[in-house]
Amino acid sequence: MLKKYISDRTPKNIYIILRINLVLIFFSKKPQHAIVHDAVEFSKQFDKSKLINAVLRNILRDQENLKLEKNLPDNFQKVLDKIFSSSKIREYLYQTFFTKPTDYQISLNNHKEAIYEKRVLPFKSKLLKNCFVQDIGNYEVIHTTHQFFQSKKILDVCSAPGGKSILLHSLGYEVDCIDKSNSQIIKFKQNLKRLGLNIKIKKKDFLKLTKNQNISSILLDAPCSALGTFRRNPDVASKINQSKLKRNQKIQIQMLDKAINILDENGIIVYIVCSFHPFETINVIDKIAQKHKNIRTLSLDSDKMIKRQNGYFINPLKFKDLGGSDIFFVSVLKKTK
Ligand SMILES: C[S@@+](CC[C@H](N)C(=O)[O-])C[C@H]1O[C@@H](n2cnc3c(N)ncnc32)[C@H](O)[C@@H]1O
């Protein structure tokens, strides 16, 4: 699109500023005049503010007639096609790639304005009392799996900023939380303070945790690429990187190894990632199942998820009418003898 408005001699930094501002113009909620103003101010340091001003204003004038090339990044589409065999789901995902899904909030108790399961509400302009921000897919994975936990006491090993722990607490569980990130723990504590909740959260590296009590239920909401949040964060789709994904997989496997080692016999691990990349989902569980013969995956009873050989993906079509959902993968693992 830009080629029509600039010459081949336009310096690279100016080209990048223009691209960033075009994304803001077409995809952000910031007023267009403010975007142009800020871009012009920013580019004064490069002595090119007149050029930036002219190009952006010309594009704004022409915007009615401009066609956005809504192309999915190739690698992203390949992965999506591999996981979602249903053409209906694929079409829906292609069409909504550039549409931000509804923001949701979850109520600690049943709420009369809820649009789903008496707890999920749209987040319009304000966060309601006794509510916290969470995607509907996030709600769904916990809602569908929590009854598998072996006791009312759960160890949440990657807990901050606390969305899932708070939900589990509201469902009557005693959740022991750890996380290794200071900044995320601060956010968690702010959430707890606002909601008036008392949940224990300790700064610890899960991979260094020593077992000093019985552990029958572990929630492992593992760090991942966040590819499943692509509608909220379209940049994740263009940043798919095999070596980063392999590093993630290594950590995810180390965490599952650790969880299996400290778990009591007959104990349960709920493994969750907000990704649909095979490296971080089905391949992780395949490798774990090959390595630990005392682990089996359990079947879920959900019409909101798509079953794969060793876990489930959120079916985004099921949340279409509510405003869309991020895509999560969940696998429930049981440790046997
Ligand atoms: C996907 S986020 C968890 C989100 C959280 N469960 C929620 O629902 O709000 C992953 C978290 O894992 C934490 N983490 C990564 N490596 C860790 C480790 N070795 N030990 C403990 N926490 C870790 C990160 O700091 C991050 O907060």
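At what angle do α1 and helix α3 (residues 49-62) pack, and how far apart are their axes? I looked this pair up to begin with: the angle is about 35° and the axes are 11 Å apart. I took axes as lines fitted to C-alpha atoms, for helices over the stretch in contact, with angles running from 0 to 180 degrees between N-to-C directions. Helices (H or I, at least four residues) and strands (E, at least two) are DSSP runs, numbered from the N terminus.

**Model and numbering**

I am working on a predicted model, in which local features need pLDDT of at least 70, side-chain atom pairs count only at pLDDT 80 or more, and totals for chains, interfaces and linings use all residues. I number residues from 1 along each chain as its sequence is written.

**Whole chain**

I counted eleven helices and twelve strands in the protein chain. Its C-alpha atoms fill a box of roughly 70 × 45 × 40 Å, taken along the principal axes. Of the 337 residues, 38% count as buried. For burial I used C-beta atoms placed from the backbone: a residue is buried if 20 or more other C-beta atoms lie within 10 Å of its own, exposed if 12 or fewer, and partly exposed in between. I then looked at contacts between residues at least 6 apart in sequence, and 66% of them join residues at least 24 apart. Two residues are in contact if their C-beta atoms, placed from the backbone, lie within 7 Å.

**α1 with α3**

I found the crossing of α1 and α3 to be right-handed. A crossing is left-handed if the near helix is turned anticlockwise from the far one by less than a right angle, and right-handed if clockwise. On the α1 side I listed I14, I17, L18, N21 and L22, which meet L51, I52, V55, L56 and I59 in α3. By class, this contact has nine nonpolar residues, one polar and no charged. Ala, Val, Leu, Ile, Met, Phe, Trp, Tyr, Cys and Pro count as nonpolar, Asp, Glu, Lys and Arg as charged, and the others, Gly among them, as polar.

**α1 with α2**

I next took helix α1 (residues 12-27) with helix α2 (residues 32-43): the angle is about 165° and the axes are 10 Å apart. α1 is therefore roughly antiparallel to α2. Angles under 35 degrees count as roughly parallel, over 145 as roughly antiparallel, 65 to 115 as roughly perpendicular and the rest as oblique. This crossing, too, I noted as right-handed. I14, I17, N21, L24 and I25 in α1 meet Q32, I35, A39, F42 and S43 in α2. I sorted the residues of this contact into seven nonpolar, three polar and no charged.

**Segment before α1**

I placed I6 in the segment before α1. I6 counts as partly exposed because it has 15 C-beta neighbours inside 10 Å. Leaving out residues up to four places away in sequence, I6 touches Y15 and V55. T10 is also in the segment before α1, and I noted it as partly exposed because 16 other C-beta atoms lie within 10 Å. T10 and L51 are 41 residues apart in sequence and 9.5 Å apart in space, C-alpha to C-alpha.

**Ligand shell**

I found 18 residues around the ligand, of which C158, G163, S181, F206 and D221 come nearest. The elements that give two or more residues to this shell are α7 (163-170) and β5 (174-179). A residue is near a molecule or strand if its C-beta atom, placed from the backbone, lies within 6 Å of it. By class I have eight nonpolar, five polar and five charged residues in the shell.

**Covered helices**

Seven of the eight residues of α7 are buried, namely G163, K164, S165, I166, L167, L168 and H169. In helix α6 (residues 136-145) I counted nine of ten as buried.

**Backbone**

Most residues other than glycine have a negative phi, and most peptide bonds are trans. I looked for departures. The peptide bond from A160 to P161 is cis, with omega near 5°, and P161 is in the loop between β4 (153-156) and α7. D47 has a positive phi near 65° and lies in the loop between α2 and α3. I noted D47 as exposed because it has 9 C-beta neighbours inside 10 Å.
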